[in-house]
Amino acid sequence: MIFILKALRIKEIIEKAANSRLFNMVCDFVKTNKVNIKFACLAAVCLFSLGMYISANGLAVGFNVKYSGKVIATVKSQKVFDSACEIVESNVAECMSGKSIKSPKFSLTLTTVNELDSAVKLADKIINNTDSIEKCSAIAVDGKVLICGSSEDVKAALDEKLTAFYIEGAENSSSFVESVKVTEGYHIKSEIKSLSKIKEALSGLNVKTTSVVTSQKEITFKTTTVKDSTKTVDYSVITKNGSNGIREIVQTVETVNGAETSRVENSNQVIKEPVDRVITVGTKIPQISASQKAAASSAGFIRPMNAGTYTVTSYYGDGRNHKAMDFGAKKGTPIFAVADGTVTYAGYDSDYGYNLIIQHKNGLSTRYAHAAALCVSKGQTVSQGSMIATVGNSGRSTGAHLHFEVIVNGNRVNPAPYIGF
């Protein structure tokens with residue numbers, strides 16, 4: 001038996017016997033080797049018996065495929081390896097994949113039928129055992145592969161690019177203006193790029209971002225005044241605290257690479273109504289005592305503006321704790337010092353606007369506020385009737401007028417008796 005197997009080229013005979021082509025094999029052998037017919041018959045009988053045994057026991061003759069230094073598969077014939085290489089070629093993106101596949105070594109083996117690997121399975125094993133081939137993700141732009149890298153790096157680079165123009169606190173979504181697709185496949189390792197290279201490759205792509213922005217704005221509360229005739233003009237109490245309301249605005253904002261292309265208001269509604277503040281003020285003017293009248297008369301004040309150039313628009317108190325008199329007049333109308341004195345202040349502040357204070361004798365001072373311009377400066381001595389400013393609307397004011405105060409020892413008093421009203 002051993003003699004016959006050697007003479008008949010073991011690999012070819014076993015393979016042909018396993019495939020039930022015994023007759024043709026023996027004929028070819030007899031013809032080419034001029035073997036005695038008896039030996040040929042004996043060989044045929046042995047081979048037939050061997051084939052029957054292999055078939056009856058579910059065995060098969062195959063070849064071990066040694067690749068990259070280790071056996072990776074068992075196949076029916078060497079042609080299976082060729083078919084597997086074609087599959088690898090079709091699955092590896094780069095045309096260099098064929099150059100990356102190494103030459104295998106085959107060795108005859110006896111195995112079971114269900115242990116024989118198909119070309120598809122062998123192709124996977126070739127890929128997994130070829131160092132220069134690796135599975136990764138490829139980014140294609142408008143149908144053309146731009147770059148490839150590891151799945152993690154590709155995902156990280158795309159996420160960073162797509163979220164770069166998100167508006168904080170908004171509901172954001174984004175997409176590329178170009179047609180961008182990611183595919184999983186096998187690539188030559190030399191073509192797989194780093195995260196920084198992938199980001200650089202994506203820098204030229206355009207990102208459209210849609211953001212639903214919800215914002216809130218305060219609605220400033222108003223102040224209403226309630227007049228109480230039983231209280232004097234110096235009475236002012238907040239009887240109800242105010243609170244601001246809230247207006248909610250929802251807008252859809254679209255941008256391309258962060259530059260706004262459209263903004264549409266979806267809704268605009270008040271979600272909290274403001275609460276007005278209520279101030280109760282006294283309107284009762286305190287009686288001027290005989291001594292106060294005498295003091296006012298002795299001050300010798302004149303009126304701060306010429307007759308016919310003004311209208312009294314507000315008296316002392318006036319239901320709003322107004323401790324002065326207001327004289328409505330055209331902007332630029334001259335204002336005069338009501339008595340001799342020294343200017344102790346001349347400047348600007350947010351409430352009084354341009355204003356000045358003159359110190360007179362006997363602890364008396366006068367203030368002239370909301371001027372358009374001042375004609376004197378601090379430290380300057382002025383004479384009664386000299387022009388010291390012009391009417392204006394500066395500071396907290398609702399129209400051109402002179403705000404005139406009389407101050408006695410630091411306390412503001414009713415100016416009316418001092419200037420003959």
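Colleague: What makes the count of disulfides come out as it does in this model, and how many are there?

Modeller: The count comes to 0 disulfides, where a disulfide is taken to be a pair of cysteine sulfur atoms within 2.5 Å. For C136 the nearest cysteine sulfur is that of C148, 4.3 Å away, and C136 is in no disulfide. In general, a disulfide is a covalent bond between the sulfur atoms of two cysteines.

Colleague: Before we go on, what kind of model is this, and how are its residues numbered?

Modeller: This is a predicted model, in which local features need pLDDT of at least 70 and side-chain atom pairs count only at pLDDT 80 or more, while totals for chains, interfaces and linings use all residues. Residues are numbered from 1 along each chain as its sequence is written, and side-chain values use heavy atoms, with hydrogens and water left out.

Colleague: Why do C136 and C148 count as buried?

Modeller: Buried means under 20% relative accessible area, exposed means over 50%, and partly exposed is in between, computed with a 1.4 Å probe on protein chains only. C136 has 1% relative accessibility and therefore counts as buried, and C148, at 4%, is also buried. Across the protein, buried residues make up 36% of the 421 residues.

Colleague: Where does C136 lie, and what does it touch away from its neighbours in sequence?

Modeller: C136 lies in strand β4, residues 133–141; strands are DSSP runs of E with at least two residues, helices are runs of H or I with at least four, and both are numbered from the N terminus. Leaving aside neighbours within four places in sequence, C136 is in contact, meaning heavy atoms within 4.5 Å, with residues including C148, S151, H187 and I192. C136 and S151 are 15 residues apart in sequence, and their C-alpha atoms are 5.6 Å apart in space.

Colleague: Why are helices α8 and α9 called oblique to each other?

Modeller: Helix α8 (residues 151–163) and helix α9 (residues 195–202) pack at an angle of about 40°, with their axes 9 Å apart. Axes are lines fitted to C-alpha atoms, for helices over the stretch in contact, and angles run from 0 to 180 degrees between N-to-C directions. Angles under 35 degrees count as roughly parallel, over 145 as roughly antiparallel, 65 to 115 as roughly perpendicular, and the rest as oblique. The two helices are therefore oblique to each other. The contact is made by residues that include V154, A157 and L158 of α8 and I198 and L202 of α9.

Colleague: What makes S68 and N362 stand out in their phi values, and where are they found?

Modeller: Most residues other than glycine have a negative phi. S68, however, has a positive phi of about 55° although it is not a glycine, and S68 lies in the loop between β1 and β2. N362, in the loop between β19 and β20, has a phi near 60°, again a positive value in a residue other than glycine.

Colleague: Why do A60 and H370 fall in the class they do, and which strands hold them?

Modeller: A60, in strand β1 (residues 59–67), has a relative accessible area of 10% and is therefore buried. H370, found in strand β20, is at 6% relative accessibility, so H370 counts as buried too. Among the residues that H370 touches, not counting those up to four places away in sequence, are D351, Y352, N393, H401 and H403.
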